[in-house]
Amino acid sequence: MESSTVLSRLILVLFILGFAVTVAEAIRGHQEKEMVRRPGFMYSRIRGRCTPQFWSSRREAWPRMVPQTSSVSKVFGSRVYERYRTDLTLLEATERNDDKNNAFSSLLKQSSAALLNSYSRKDYPYTAWEVKTALIQALVSEEAASLQAQSFSHANEACTKLNNWVFTNDALPW
């Protein structure tokens, strides 16, 4: 009987000791975290910083090279007269919602966002000249327009994931 009492006391002491060590580590970890608070790049915005929807929302100032009221024909050139209204603005082009079944509308919408991104995003994969040239070249057929719109769409979506970060207060562990 004495051996079972000694054994149970030993188990109780080990349990209390293990609990105390766990609590001490938790307190020390919390204190270290409280002492070191630095800004960091932990979370990224997944959507919205380079898409046509973002630019049409006017949450960020547009680049000075292309004001919202610029006409599509003045920005992209006279070749766009064949497909789009002469008084259509870049803001209206990014706001379009008729691009689901219309390759040329989708091309204009994605090209407008791509142009804005080329002027305002440092690591965007297209230059402004490349965007303008690609739009004009894609006006030859619906297939070309659809493929180019998809290419710009992918670049616009990838831009939101790679280039724009949200600052958090204690994101870095050190």
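1. Is S71 buried or exposed? S71 has a relative accessible area of 12%, and because the cut-off for buried is under 20%, S71 counts as buried. As for its place, S71 sits in the loop between α2 (52–57) and α3 (72–76). Leaving aside residues up to four places away in sequence, S71 touches T86, L88 and T89.

2. A word on confidence before going further, as this is a predicted model. The mean pLDDT of the protein is 79, with 79% of its residues at 70 or more. Helix α6 (residues 128–138) has the highest confidence, at a mean of 95, while strand β2 (residues 165–168) has the lowest, at 39.

3. Two stretches call for some care. Over residues 37–46 the pLDDT is below 50, although the model gives this stretch 33 contacts beyond near neighbours in sequence. Residues 161–174 also stay under 50, and here the model has 39 contacts beyond four places in sequence. Where pLDDT is low, the predicted coordinates should not be read in detail.

4. On the surface, please have a look at the nonpolar patch formed by L7, L10, I11, L14, L17 and V21. Together these residues have about 580 Å² of accessible area. One of them, L14, lies in helix α1 (residues 2–35). L14 counts as exposed because its relative accessibility is 54%, and the cut-off for exposed is over 50%.

5. Now to the aromatic side chains, where the count comes to four pairs. One of these is W55 with W62, an edge-to-face pair at 6.2 Å centre to centre and 85° between the planes. W55 is buried, at a relative accessible area of 1%, and W62 is buried too, at 10%.

6. F152 is buried, with a relative accessibility of 0%.

Technical notes:
Residues numbered from 1 in each chain as written. Predicted model: local features only at pLDDT ≥ 70, side-chain atom pairs only at ≥ 80, totals over all residues. Heavy atoms only, no water. pLDDT = per-residue confidence, 0-100. Helix = DSSP H or I, 4+ residues; strand = E, 2+ residues; numbered from the N terminus. Contact = heavy atoms within 4.5 Å. Buried < 20%, exposed > 50% of the residue type's maximum accessible area, 1.4 Å probe, protein only. Patch = residues over 30% accessible without salt bridge, like charges linked within 9 Å, V, L, I, M, F, W, Y side chains within 5 Å. Areas by Shrake-Rupley, 256 points an atom, 1.4 Å probe, with all protein chains shown as cover. Salt bridge = Lys/Arg side-chain N within 4 Å of Asp/Glu carboxyl O. Phe/Tyr/Trp six-rings, centres within 6.5 Å; stacked < 30°, edge-to-face > 60°.
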